[in-house]
Amino acid sequence: QRTPSHRAHHHSHSREGGRHGGTATPHRAGEPLGISPERIYFPLPLDKFIMNTVLARNTTESFLAFKVKATAPTRYAVKPRLGVLGPAERAEIHITLRPTPEDPNTLKDKFLIQYFVLTPEEQEFYLRTGDLRALWQAQREVSAAVKIRCRFRANLPPNFVVRSAAEVAAAEAEDDD
């Protein structure tokens with residue numbers, strides 16, 4: 001199923017356009033992992049914690065594992081960094097920029113969300129052990145990925161809501177299940 005010939009060299013792709021922002025996958029028809037938005041915004045100045053929420057959606061009938069990688073991992077807190085989605089399940093990924101003295105014009109930060117569809121054996125192992133790290137360590141190469149680009153600007157696009165850490169904490173305290 002996952003053979004070396006399906007390896008996608010995501011570093012060589014710099015297509016700005018395209019619905020999926022990046023890497024070719026063996027099954028292109030509908031991306032197994034749906035991510036929205038594929039562009040996140042951080043309002044200037046970058047002197048506070050700023051959180052974006054990305055929605056990850058498993059569009060398959062199988063279990064799917066994902067891992068979030070950042071070009072600048074120390075600049076961001078990502079929760080969860082690893083996860084598994086059941087069939088048709090959705091999850092929120094919170095990407096929080098830490099206050100940074102960097103010049104926003106020089107930042108070209110991106111996130112790569114790698115994923116793979118679990119085999120029945122991997123699914124059984126995961127449901128039995130919950131060991132996500134072992135699943136990822138067993139993967140020789142994961143070529144499927146979705147890219148998220150970061151934009152830093154004074155004016156946010158219409159309808160784009162970014163919440164501060166304080167607002168997020170307040171909201172989470174309210175809807176604690």
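This is a predicted model: local features need pLDDT of at least 70, side-chain atom pairs count only at pLDDT 80 or more; totals for chains, interfaces and linings use all residues.
Leaving aside residues up to four places away in sequence, the contacts of Thr96 are Phe49, Ile50, Met51, Arg75, Tyr76 and Ala77.

Arg75, one of these contacts, sits in the loop between E4 and E5. Is Arg75 buried or exposed? Its relative accessibility is 16%, under the 20% cut-off, so Arg75 counts as buried. With residues up to four places away in sequence again not counted, Arg75 touches Thr96, Leu97, Arg98, Thr100, Glu102, Leu107 and Asp109.

## Overall composition

The chain contains three helices and ten strands. Their order along the sequence is β-β-β-β-β-β-β-β-α-α-β-β-α. Of the 177 residues in the chain, 44% are buried.

Contacts between residues at least 6 apart in sequence were also sorted by separation: 72% of them join residues at least 24 apart.

Strand E6 covers residues 82–85. Which residues cover the two sides of E6? Leu82 and Val84 lie on one side, Gly83 and Leu85 lie on the other, and all are buried.

E6 pairs with strand E4, residues 64–70, in the antiparallel sense through four bridges. Within this pairing, Leu64 is opposite Leu85 of E6.

## Strand E9 and its two partners

Strand E9 runs over residues 145–153, and seven of its nine residues are buried, leaving the strand mostly covered. E9 pairs with E2 in parallel, by five bridges. In that pairing, Ile40 has Cys150 of E9 as its bridge partner.

E9 also pairs with strand E8, residues 110–117; here the strands are antiparallel and five bridges join them. Gln114 has Ala145 of E9 as its bridge partner.

## Cis peptide bonds

Most residues other than glycine have a negative phi, and most peptide bonds are trans. The following bonds depart from the trans form. Ser36 and Pro37 are joined by a cis peptide bond with omega about -5°. Pro37 is in the loop between strand E1 (33–36) and strand E2 (39–43). E2 is the strand that pairs in parallel with E9.

A cis bond also leads from Lys79 to Pro80, where omega is near -10°. Where is Pro80? It is in the loop between strand E5 (76–79) and strand E6 (82–85).

## Positive phi at Ala88

Ala88 is a residue other than glycine with a positive phi, near 60°.

Notes:
Residues are numbered from 1 along each chain as its sequence is written. Side-chain values use heavy atoms; hydrogens and water are left out. Buried means under 20% relative accessible area, exposed over 50%, partly exposed in between (1.4 Å probe, protein chains only). Contact means heavy atoms within 4.5 Å. Two strands pair if DSSP finds at least two bridges between them.
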